[in-house]
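I opened a new notebook page for this structure.

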Amino acid sequence: MLKCVDYQTGRHIGEVEDWVAEGNENEYELTYNDYTYNLKYVVNDVAFFVKQQFNSTIENNFSYHSPKDDQRKKYELIRSKAKEAAYLFDELVPNGREKSLALTNLEQAVFWANAGIARN
């Protein structure tokens, strides 16, 4: 058996059969803690693996999501209602840091609401 090591951290991530030593780079995969590792190389009785950089949440959160079905209507409704609130804040709240923060956080709320629609 070959000891498997994370190439970047040196952490032990498992063991594989000896025949893996004959493999080429990226020819063999290993799964450990929900990550997939690809064989980098073998030295003596140690197989070094490189973690694939894939996380479904990160992939989803940092991808473009084109509007589907009735999403545009939802975005427009959220922006419209937030704009009403923004004008209300502008009218009723005295100028200052608090008003600025209220408007900024309202913008953030619109952003996160739209992101929630787009991503799910």
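Before starting I wrote down one cut-off: a residue is buried under 20% relative accessible area, exposed over 50%, and partly exposed in between. I also noted that this is a predicted model.

**Entry 1: Tyr7**

I looked up Tyr7 and found a relative accessible area of 40%, so Tyr7 counts as partly exposed. Its place is in the loop between strand E1 (2–6) and strand E2 (12–16). I then listed its contacts, leaving aside neighbours within four places in sequence: Lys40, Tyr41, Phe48, Phe49 and Val50. I also checked the distance to Lys73, which is 66 residues away along the chain. The C-alpha atoms of Tyr7 and Lys73 are separated by 48 Å.

Which residues form a nonpolar patch on the surface with Tyr7? I found Tyr41 and Val43. Together the three residues have about 260 Å² of accessible area.

**Entry 2: Asp6**

I moved to Asp6, which lies in strand E1. What is the nearest side chain of opposite charge to Asp6? I found Lys51, 5.0 Å away. A salt bridge needs a side-chain nitrogen of Lys or Arg within 4 Å of a carboxyl oxygen of Asp or Glu. Asp6 has no salt bridge, although Asp6 is buried.

I did find a polar contact from the side chain of Asp6 to the side chain of Tyr37, at 3.4 Å.

**Entry 3: salt bridges**

I reminded myself that side chains of opposite charge can pair when their charged atoms come close. How many salt bridges does a search of the whole structure find? I noted three.

I looked at Lys40 and Glu25, where the closest N and O atoms are 3.3 Å apart. Lys40 lies in strand E4 and Glu25 in the loop between E2 and strand E3 (29–32), so this pair ties together parts that are 15 residues apart in sequence. I recorded Lys40 as partly exposed, with a relative accessible area of 27%. Glu25 is also partly exposed, at 46% relative accessibility.

I looked next at Lys81 and Glu84, whose side chains meet in a salt bridge at 3.9 Å, N to O. Both are in helix H2 (residues 71–92), and being three residues apart, they are separated by about one helical turn. Glu84 has 47% relative accessibility and counts as partly exposed.

I then turned to Lys99 and Asp90, where the closest N and O atoms of the salt bridge are 2.8 Å apart. Is Lys99 buried or exposed? I found 6% relative accessibility, so Lys99 counts as buried. Asp90 is partly exposed, with a relative accessible area of 42%.

**Entry 4: Asn38**

I ended with Asn38, found in strand E4 (residues 35–43). I noted that the side chain of Asn38 makes a polar contact with the side chain of Gln52, at 3.2 Å. Not counting residues up to four places away in sequence, I listed what Asn38 touches: Asn26, Tyr28, Glu29, Phe48, Phe49, Val50 and Gln52.

Notes:
Residues numbered from 1 in each chain as written. Predicted model: local features only at pLDDT ≥ 70, side-chain atom pairs only at ≥ 80, totals over all residues. Heavy atoms only, no water. Helix = DSSP H or I, 4+ residues; strand = E, 2+ residues; numbered from the N terminus. Polar contact = N/O pair within 3.5 Å; in protein donor to acceptor, adjacent residues only side chain to side chain. Contact = heavy atoms within 4.5 Å. Patch = residues over 30% accessible without salt bridge, like charges linked within 9 Å, V, L, I, M, F, W, Y side chains within 5 Å. Areas by Shrake-Rupley, 256 points an atom, 1.4 Å probe, with all protein chains shown as cover. Buried < 20%, exposed > 50% of the residue type's maximum accessible area, 1.4 Å probe, protein only. Lys, Arg positive; Asp, Glu negative; His and termini not counted.
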